[in-house]
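Student: I have a model open and would like to learn how to read its features one at a time. Where do we begin?

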Amino acid sequence: FIVPNVYPDEVLRKDNLKNGFENSNTLLFVGDFRYPPNIDGIKWFAENIYPSFCSVYSDAKMLIVGRSPGPEIRYLEERWKGIEIYADVLDLCPYYELARAVIVPILIGGGTRIKILEAALAHRPIFSTPKGAEGLELVDGIHLHIFKNDLEFLEKYNKINDKLHYNTIT
């Protein structure tokens, strides 16, 4: 049997959310922290990518929204300026509304990344590790931006400062 991935698009429709181009440099991560790859991925991003992002963008923020964040996730809010954690929220729309881009820093694991489908419905640029985009037939630079390290992330993030590119990739 083949069961297609489906997601209700009535909530995150383009006309329900304003364009994120004018937003500050706010990144959004959405995930369930009962799933270890989400924990590992966001910790890796916070330790290896976010400091470089902050050094380039003085208004840098990262919203971490998810189910059951434990102490290893809550620590990130204490450790780095601009990281905010929101636990067990019922409505993701306000967080997508604030975000300029969505990150999917998954390093291990399998399955379809529903978070990528959701971010695409919210019309936000998606920045993913290669593993995070695995299983979806998406093209780097067209559907999303794939990065492996801080230099690649910053190079690709800088591209969304161009409004035409921003609107093309969302």
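Student: Is Asp88 buried, partly exposed or exposed?

Tutor: This is a predicted model, so every value here is computed. Relative accessible area sorts residues into classes: buried is under 20%, exposed is over 50%, and partly exposed is in between. Asp88 has a relative accessible area of 47% and is therefore partly exposed.

Student: Where does Asp88 lie?

Tutor: Asp88 is in the loop between strand E3 (83–87) and helix H4 (93–98). Its backbone deserves a look too. Most residues other than glycine have a negative phi. Asp88 has a positive phi, near 50 degrees.

Student: Which loop holds Ser68, and what is the phi of Ser68?

Tutor: Ser68 sits in the loop between strand E2 (61–67) and H3. Its phi is positive, about 60 degrees, although Ser68 is not a glycine. With a relative accessible area of 34%, Ser68 is partly exposed.

Student: Let me step back to the whole chain. How many helices and strands does the chain have?

Tutor: The chain has 7 helices and 6 strands. Read from the N terminus, the order is β-α-α-β-α-β-α-β-α-β-β-α-α. Of the 170 residues in the chain, 46% are buried.

Student: How do I read a pair of helices? At what angle do H1 and H3 cross?

Tutor: Compare the directions of the two axes, and count angles under 35 degrees as roughly parallel. The axes of H1 (residues 36–48) and H3 (residues 71–79) come within 10 Å and cross at roughly 20 degrees. H1 and H3 are therefore roughly parallel to each other. The crossing in which H1 passes H3 is left-handed.

Student: Which residues meet where H1 and H3 are in contact?

Tutor: From H1 come Ile39, Ile42, Lys43 and Ala46; from H3 come Glu72, Ile73 and Leu76. Sorted by class, this contact of H1 with H3 has 5 nonpolar, no polar and 2 charged residues.

Student: Now a strand residue. Where is Ile64, and which residues does Ile64 touch?

Tutor: Ile64 is in strand E2. Its relative accessible area is 0%, so Ile64 is buried. Leaving out residues up to four places away in sequence, Ile64 touches Phe29, Phe33, Ile42, Ile73, Leu76, Ile83, Glu84, Ile85 and Tyr86. Two of those names, Ile42 and Ile73, belong to the meeting of H1 with H3 as well.

Student: How many aromatic pairs does the structure have?

Tutor: A search of the whole structure finds 15 aromatic pairs. One of them joins Tyr50 and Phe53, with 6.4 Å centre to centre and 35 degrees between the planes, a tilted pair. Both residues lie in helix H2 (residues 50–56), 3 residues apart, about one turn of the helix. Tyr50 and Phe53 are both buried. Another tilted pair is Tyr86 with Tyr95, at 4.9 Å centre to centre and 45 degrees between the planes.

Student: Are Tyr86 and Tyr95 buried or partly exposed?

Tutor: Tyr86 has a relative accessible area of 27%, so Tyr86 is partly exposed. Tyr95, at 14% relative accessibility, counts as buried.

Student: Which residues do ring pairs link into a cluster?

Tutor: The cluster consists of Trp44, Phe45, Tyr50, Phe53, Tyr57, Phe127, Phe147, Phe153 and Tyr157. Tyr50 is also one of the residues in contact with Ile83.

Key. Residues are numbered from 1 along each chain as its sequence is written. This is a predicted model: local features need pLDDT of at least 70, side-chain atom pairs count only at pLDDT 80 or more; totals for chains, interfaces and linings use all residues. Side-chain values use heavy atoms; hydrogens and water are left out. Axes are lines fitted to C-alpha atoms, for helices over the stretch in contact, and angles run from 0 to 180 degrees between N-to-C directions. Helices (H or I, at least four residues) and strands (E, at least two) are DSSP runs, numbered from the N terminus. Angles under 35 degrees count as roughly parallel, over 145 as roughly antiparallel, 65 to 115 as roughly perpendicular and the rest as oblique. A crossing is left-handed if the near helix is turned anticlockwise from the far one by less than a right angle, and right-handed if clockwise. Contact means heavy atoms within 4.5 Å. Ala, Val, Leu, Ile, Met, Phe, Trp, Tyr, Cys and Pro count as nonpolar, Asp, Glu, Lys and Arg as charged, and the others, Gly among them, as polar. Rings of Phe, Tyr and Trp (its six-membered ring) pair if their centres lie within 6.5 Å; planes under 30 degrees apart count as stacked, over 60 as edge-to-face and the rest as tilted. Buried means under 20% relative accessible area, exposed over 50%, partly exposed in between (1.4 Å probe, protein chains only).
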